[in-house]
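Here are my notes on this one, as numbered points. Have the model open while you read, and start with the salt bridges.

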Amino acid sequence: MSNNFINDERLLLARGQIRGATVRNIFGYQSALTTALRPAWEVAAAYTYPTGSGLAMTVESTSTSDNGKTVLIQGLDSDYNDKTQTVTLNSASAPVTELFFRINDVILTSGTTNVGTITLKNAGTTYAGIRIGDGRNQASIYTVPANREFYLYRIDAFGNDSTAIKPLVFRNFTQNSNGQQYNVARTTFFGNMNIQRRIPFKYSEKTDIQFQLATLVGSHEGAVFGEGYLVSKPVNRYVY
């Protein structure tokens, strides 16, 4: 094996050998996209962010076969600092005692996979979910934690409209901690959109990101994948 391969920064990053840097993938899927631009996630609707200082939520499954399985919630508090909690599913709604201001990942950590649909809710509003058999959420939604930066290298999107044979619409939505919103990089594509950035695009700390999709007509499935690096500020290039 050549030294160039061993010292490839991308490989070192994937192996967790660059201090202060990790790989971050943002991937989402929705089976019933419509003509309204929205992130691809578990609910066929626009996404609502938690408000205030964060929300107390409950986790539940549509199947009692998931009782006793554990779910890891990874998100942020109202200062955009990392926050996690592991919850055990039961026949009722399992309480999430931590207050979450943002949710980035929901991952089943025991029990092979989920038999039912798992949802994370507050007052009837769903903030994250896991489809049957997925084992984790698949949402093209991510918020950059405090004191870190996200550098986007690649976006792929896919759509399948076998009847109307129309393109899919893509848009990149961002929102900073002051509520300022930007809707950029809108484009249409047939089948597959692939964007390989020669220079990575920087997202600052506390930025909400949504890779949004919409159909041109009708309703059909679509998926979007983003790949990049999450790094501490300032960027530290030293290798362990």
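1. Start at aspartate 105, which makes a salt bridge to arginine 136, with the closest N and O atoms 2.7 Å apart. Aspartate 105 sits in strand E7 and arginine 136 in the loop between E9 and E10, so this contact ties together parts that are 31 residues apart in sequence. Keep in mind throughout that this is a predicted model.

2. Are the two partners buried or exposed? Aspartate 105 has 5% relative accessibility and therefore counts as buried. Arginine 136 comes out at 24%, so it counts as partly exposed; the cut-off for buried is under 20%.

3. Aspartate 105 has another partner: a salt bridge joins it to arginine 24, and here the closest N and O atoms are 2.9 Å apart. This pair links distant parts of the chain, with aspartate 105 in strand E7 (residues 102–108) and arginine 24 in strand E1 (residues 21–33), 81 residues apart. Both aspartate 105 and arginine 24 are buried. Put together, Arg24, Asp105 and Arg136 are linked in a network of salt bridges.

4. Have a look at arginine 131 and glutamate 42 too. They form a salt bridge whose closest N and O atoms are 3.6 Å apart. The partners are 89 residues apart and link distant parts of the chain: arginine 131 is in the loop between strand E9 (125–130) and strand E10 (141–143), while glutamate 42 is in the loop between strand E2 (38–39) and strand E3 (55–61). Arginine 131 counts as buried because its relative accessibility is 18%, and glutamate 42 counts as buried because its value is 17%. For the overall tally, a search of the whole structure gives 12 salt bridges.

5. On to the cavities. How many of 30 Å³ or more does a search of the whole structure find? There are two. By class, the lining residues of the second largest cavity divide into three nonpolar, four polar and three charged.

6. The largest cavity has a volume of about 60 Å³. Glu42, from the salt bridge in point 4, is one of its lining residues, as are Trp41, Tyr47, Ile103 and Tyr127, among others. E7 and E9 are the elements that give two or more residues here, with the largest share, three residues, coming from E9. The lining of the largest cavity has seven nonpolar, three polar and one charged residues.

7. Last, a hairpin. Strand E4 (residues 70–76) pairs with E5 in the antiparallel sense over seven bridges, and threonine 70 stands opposite threonine 88 in E5. Five residues lie between the strands of this hairpin, where tyrosine 80 takes a positive phi near 70°.

8. Which side chains of strand E5 (residues 82–88) point to the buried face? Lys83, Gln85 and Val87 do, and they are buried.

Terms used. Residues are numbered from 1 along each chain as its sequence is written. This is a predicted model: local features need pLDDT of at least 70, side-chain atom pairs count only at pLDDT 80 or more; totals for chains, interfaces and linings use all residues. Side-chain values use heavy atoms; hydrogens and water are left out. A salt bridge is a side-chain nitrogen of Lys or Arg within 4 Å of a carboxyl oxygen of Asp or Glu. Helices (H or I, at least four residues) and strands (E, at least two) are DSSP runs, numbered from the N terminus. Buried means under 20% relative accessible area, exposed over 50%, partly exposed in between (1.4 Å probe, protein chains only). Two strands pair if DSSP finds at least two bridges between them. On a 1 Å grid over the protein atoms alone, a cavity is a set of points where a 1.4 Å probe fits but cannot get out, and a pocket is an open set with protein on both sides within 12 Å along at least five of seven lines; lining residues have an atom within 4 Å of a point. Grid points are joined across faces, edges and corners, and a volume is the space filled by probe spheres set on the points. Ala, Val, Leu, Ile, Met, Phe, Trp, Tyr, Cys and Pro count as nonpolar, Asp, Glu, Lys and Arg as charged, and the others, Gly among them, as polar.
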